[in-house]
Amino acid sequence: MSRAVAGPEIERLIQLLGRLPGLGPRSARRATLHLIKKRETLMAPLGLALQDVLGKIVECQVCGNVDVRDPCTVCTDIHRDSSVLVVVAEVADLWALERANAINAKYHVLGGVLSPLDGVGPDDLNLTKLVERVGAGGVSEVILALGATVDAQTTAHYVTDLLRDTGVKVTRLAHGVPVGGELDHLDEGTLSAAIRARTAL
């Protein structure tokens, strides 16, 4: 067990930062030291930004994105092609596709993928609202941007079956997405190429 090297407030900050994805104990200590060194130009504004956004974060009731407004910024963007609906597993995937500027469409976040081993079934995902959105009309294509893991592909087949009788074209990302890969970890070029080379299921 490591001994504390600073007061409880600093140790708590280290522990909290260590819970963030990609940050272990060492990285959390380095990040904390950096914040302390830059407390006027970085730590104070970061603290204010966290406090400001904390009470404003909402989940979009239309697509499942997170934002400070509902419907979210993406759903209310009138310049997007509302006839194309990109289905993603997580908000991080939506943000990755937006970062790549790969497509100018609307999104639907499932909130995960089917995973029997983890106890995630159809009722645990945002599938009912997806079927309702497609059934309401105006959508001509649904792009399943669910990655290439086994669970993601199982989910893609399940969604395809759900939408089979709607008459909507269902496509998926090209196999250029590496097997076992997660969308949030791919570079923008790979994501753009995968969107352009999507195939019918």
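Is Arg80 buried or exposed? Arg80 is buried, at a relative accessible area of 12%. Here buried means under 20% relative accessible area, exposed over 50%, and partly exposed in between (1.4 Å probe, protein chains only).

The model is predicted: local features need pLDDT of at least 70, side-chain atom pairs count only at pLDDT 80 or more, and totals for chains, interfaces and linings use all residues. Residues are numbered from 1 along each chain as its sequence is written, and side-chain values use heavy atoms, with hydrogens and water left out.

A salt bridge was taken as a side-chain nitrogen of Lys or Arg within 4 Å of a carboxyl oxygen of Asp or Glu. The count is 7 salt bridges. One of them joins Arg80 to Asp77, at 3.4 Å from N to O. Asp77 is partly exposed, at 25%. A network of salt bridges links Asp77, Arg80 and Glu98.

Arg99 pairs with Glu188, with the closest N and O atoms 3.5 Å apart.

Arg164 is exposed, at 54%.

Disulfides (cysteine sulfur atoms paired within 2.5 Å) number 0. The sulfur of Cys72 lies 3.7 Å from its closest cysteine sulfur, in Cys63, so the gap is too far for a bond. Cys72 is buried, at 0%.
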